[in-house]
Amino acid sequence: MTRTSIGIVLIVLGAIVLAYHGFTYTTREKVIDAGPIQVSADKEHSFAIPPVIGGLAVGAGLVLVIAARRKPE
């Protein structure tokens, strides 16, 4: 992978992090398990990603894209 493509990927991922701030997922847990009777409940979990991480990814991506555009001397 070239520096330009890595930079573009970082910019896109950083923008996604800045737009969504994290994600939520659901797990199913057994609450009661008494022989033939089973009761389960859905539990929602959140995973937050700090916006600073997105900003750093965008910044690093921009640096890589700009550095790749410069001609090596």
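User: Where do I start if I want to read aromatic rings in a model?

Analyst: Rings of Phe, Tyr and Trp (its six-membered ring) pair if their centres lie within 6.5 Å; planes under 30 degrees apart count as stacked, over 60 as edge-to-face and the rest as tilted. Here F23, Y25 and F47 form one aromatic cluster. This is a predicted model, where local features need pLDDT of at least 70 and side-chain atom pairs count only at pLDDT 80 or more, while totals for chains, interfaces and linings use all residues. Residues are numbered from 1 along each chain as its sequence is written, and side-chain values use heavy atoms, with hydrogens and water left out.

User: How many aromatic pairs are found in the whole structure?

Analyst: A pair of aromatic rings is described by the distance of the centres and the angle of the planes. The search of the whole structure gives two aromatic pairs. In F23 and Y25, the ring centres are 6.4 Å apart with planes at 40°, so the pair is tilted. F23 and F47 have ring centres 5.3 Å apart and planes at 40°, so this pair is tilted. That pair links distant parts of the chain, with F23 in strand 1 (residues 22-34) and F47 in strand 2 (residues 37-48), 24 residues apart. Strands are DSSP runs (E, at least two residues), numbered from the N terminus.

Note on methods
Helix = DSSP H or I, 4+ residues; strand = E, 2+ residues; numbered from the N terminus.
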